[in-house]
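Good morning, everyone, and thank you for making time for this.

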Amino acid sequence: GADVAEAGYLPAALSCFRKAAAADAEHATAAHLALALLCDQLLQDAEAAGKEGTGADAAAGGRLALKGGDNTAALLVQHLLTAMAAGGPSGEQARLMVPRLLDVIAGSGPARDAFLTGWNGVPLLAFLPWAATMLSLLGQDAGDALLPLLKELAAAYPQQLHWPYRLSRGHYGAEGRARAAALQPLLSSAVLDEFGSALNATTYPTQRWEGWTQQLARLIADGKPAEAEALYCDEAYPDMVEQHLGREARATYNGMAAAKFKGAFTSAFGSDGAKLGKLGKGFQAAAAKLGSELKEFQRSMGGGRSLAKLSPWFDAFSTPAVDLPATQRLHMPGLGAVLNAAGEEPTTIVGFGKTVQVFASKQAPKKLTIFGSDFKSHDWVLKGGEEVRTDQRVEQLFSVMNGLMARSPAASAAELQVATYEVVPLSPWLGMLEFVGGTRPLMAVLSDTLDVTPAEAAFNAFIKAQAKGQQNV
């Protein structure tokens, strides 16, 4: 807590740091990292003391080491960025702390100042995996400090930032929107928007309507019928009906559903959503009835499906010319195309498989094969009607854990690593997950472990018969 400063731990650590920093490069980087870790520990100890104490003790705990926590936070940021910039084993370990770095600058002005003056020495790739988190902070106090870095990332990796930017921009207030305006020209992409629309069309109408139902019900429950009507008119109805009635789309699964249920949507809600406000609590029942009819229309969930029948865009896609600018060529989704490029051009998409495999589960996820410029086929799972941003955060956590375990001799000797896969959220209800081969559904594994012997089956039948007999007494 506050006694740390008086005990002289941090001044002593600074004295040791100056001696170590004069050594060779790797020892100097290790010293920067060690000092950053100490500052982080001091911050956490003081925060814990502030939460646990009361009265004067809590106030004392809140006064962080080195004449105020802001100075300690600024030191943490300064030395962590220096270690990240230097690279080497200690620099790689420092790069695992980017989430903590973002947490610190979100709560400290001096830490944000230190970040502004120090981030540009760090390779952009060290920040790229955390771009979605940084974009989510753009509307908060840390936004001004993060904007220069985000502009550099957007210029260098526009396709990797396109989707998280689209996901975040709807949540910005006035300040966030003003900052985001600087990113808009860098991240606008007609080819990515078309690709996203085509991927969205692979989600069956049942799952898409479930997503819209949740959003509309939330607005109606919050007493915002005008916003519900606007959402229905501008986004939900076009997605479910209007954009699938053209000549090309008419022969698709979505087109057939749109033609069949256009009247039902208009009758229940109006093409402009004008009936939503009158329905009030009755919206859930009307939406559920329509969802049930859509589900009945979509009977089979297994087997293969023609990709062109899901969206004609895939059938019309042709391999882009080599001399096209990067903004007009589709990169393979995720960060792997960039992180594994080793300074070369990222892997681009040159084609798609003709069919998708539909998995027999509630949301009917589909396995899509994408052919890359690396002469390999890449399998992805498209999940519609479901939020995958949590999946992405869990995979990022596993990646950090892997990095830490790789630096532990004991963990390395035991080969402790978690298998990870890419997760790319495209919208609040659509995402792509890297397909992992050689795996089985959890239910299949559990079913295997629940196999019983004939004797166990006979015993179970006897117990059930006895229980039934007791009920009839």
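Predicted model: local features only at pLDDT ≥ 70, side-chain atom pairs only at ≥ 80, totals over all residues.

Let me begin with a question: does Phe265 count as buried or exposed? With a relative accessibility of 1%, Phe265 counts as buried, since the cut-off for that word is anything under 20%.

If we leave out residues up to four places away in sequence, Phe265 touches Trp209, Tyr232, Tyr237, Met240, Val241, Gly270, Leu290 and Leu294.

How do α18 and α20 lie relative to each other? Helix α18 covers residues 253–269 and helix α20 covers residues 283–297, and their axes come within 11 Å and cross at roughly 155 degrees. That angle makes the two helices roughly antiparallel, and their crossing is right-handed. On the α18 side the contact is made by Tyr253, Met256, Ala257, Lys260, Phe261, Ala264, Phe265 and Phe269, and on the α20 side by Phe283, Ala286, Ala287, Leu290, Glu293, Leu294 and Phe297.

Helix α20 has another partner to look at, namely helix α16, which runs over residues 205–221. Here the packing angle is about 175 degrees, with the axes 10 Å apart, and α16 and α20 are therefore roughly antiparallel to each other. From α16 the contact uses Pro205, Thr206, Trp209, Glu210, Thr213, Leu216, Ala217 and Ile220, while α20 contributes Phe283, Gln284, Ala287, Leu290, Gly291, Leu294 and Lys295.

For contrast, let us turn to α12 and helix α15, the latter spanning residues 190–201. Their axes come within 11 Å and cross at roughly 60 degrees, so α12 and α15 are oblique to each other, and the crossing is right-handed. The residues in contact are Gln159, His162, Trp163 and Arg166 of α12, together with Leu192, Asp193 and Gly196 of α15.

Now let us step back to the chain as a whole. It contains 27 helices and seven strands, and of its 473 residues, 43% are buried. Among contacts between residues at least 6 apart in sequence, 68% join residues that are at least 24 apart.

Which residues touch the most other members of the largest nonpolar core? That core has 53 residues, and the ones in question are Met84, Phe115 and Phe127. At least two residues of this core come from each of several helices, among them α3 (25–52), α5 (69–86), α7 (98–106) and α12 (158–169). The biggest contribution is that of α5, which gives nine residues. Looking at Met84 in particular, and again not counting residues up to four places away in sequence, we see that it touches Gly91, Ala94, Arg95, Val98, Leu101, Val122, Pro123, Ala126 and Phe127. Apart from this core lies another, of 51 residues, which includes Leu231, Phe261, Phe283 and Met332.

Finally, I would like to show you two points in the backbone. As background, most residues other than glycine have a negative phi. Phe375, however, has a positive phi, near 65 degrees, and is found in the loop between β4 (366–372) and β5 (377–384). Phe375 counts as exposed, with a relative accessibility of 83%. Glu415 also has a positive phi, near 55 degrees, and its place is in the loop between α25 (409–413) and β6 (423–427). Glu415 counts as exposed as well, because its relative accessibility is 69% and the cut-off is over 50%.

How values were computed:
Residues numbered from 1 in each chain as written. Heavy atoms only, no water. Core = buried A, V, L, I, M, F, W, Y, C linked by side-chain atoms within 4.5 Å. Buried < 20%, exposed > 50% of the residue type's maximum accessible area, 1.4 Å probe, protein only. Helix = DSSP H or I, 4+ residues; strand = E, 2+ residues; numbered from the N terminus. Contact = heavy atoms within 4.5 Å. Axes fitted to C-alpha atoms, helices over the stretch in contact; angles between N-to-C directions. Parallel < 35°, antiparallel > 145°, perpendicular 65-115°, else oblique. Left-handed = near helix turned anticlockwise from the far one by under 90°.
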